[in-house]
Amino acid sequence: PYYQLCGNTYMAIYMEKELNSYDQAEDYYKLAIKYGEECLGRGEYYRSLAFLGLGRLMESNGDFLKAREFYKKAIDEDDDPQVFQEAQERLDKLSL
C-alpha cells in the first residue's frame, strides 16, 4: 500500500498541476488516502500532500468548508514545513 500511496499522490499532483484535470486529480488523491489508511505509521508526508491537494481542489470548486477540513488534516498528518505553510496560508485566507 505504501508505494500505491506514493504513486497515486504523485499522479494526482501531476493531473492537478500539469494537466489541469481536476476530476482525475481528485480521484487519485482519494485513492492515495485510501492506500494511506492501510499503512499507518508510514507515509504521513504523502497523506498530507493528498489532503492538501484535495483542499486546493475543494477551494477551487467553492466548497470552502471541505477545503478547510482538508487543510487541517494536511497540517495534522505530518510536520513538513512546506505543507504546513501552504495549508496554513490557505486556511488564513479562507478565514477572512
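Predicted model: local features only at pLDDT ≥ 70, side-chain atom pairs only at ≥ 80, totals over all residues.
Entry 1. I then searched the whole structure for aromatic pairs and found five. In one of them, the ring centres of Tyr2 and Tyr3 are 5.3 Å apart and the planes stand at 75 degrees, so I recorded the pair as edge-to-face. The angle exceeds the limit because edge-to-face requires over 60 degrees.

Entry 2. I turned to Tyr10 and Tyr46, which also form an edge-to-face aromatic pair. I noted 5.7 Å from centre to centre and 75 degrees between the planes. Which helices hold these two residues? Tyr10 belongs to helix H1 (residues 2–17) and Tyr46 to helix H3 (residues 44–60), so this pair ties together parts that are 36 residues apart in sequence.

Entry 3. I checked how the aromatic residues group. Tyr2, Tyr3, Tyr10, Tyr45 and Tyr46 make up one aromatic cluster.

Entry 4. Last, I looked for charges over rings. The charged end of Arg42 sits over the ring of Tyr2, at 3.8 Å from the centre of that ring; Tyr2 is also a member of the aromatic cluster. Lys34 lies over the face of Tyr35, 4.9 Å from the ring centre.

How values were computed
Residues numbered from 1 in each chain as written. Heavy atoms only, no water. Phe/Tyr/Trp six-rings, centres within 6.5 Å; stacked < 30°, edge-to-face > 60°. Helix = DSSP H or I, 4+ residues; strand = E, 2+ residues; numbered from the N terminus. Lys NZ or Arg CZ within 6 Å of the ring centre and 35° of its normal.
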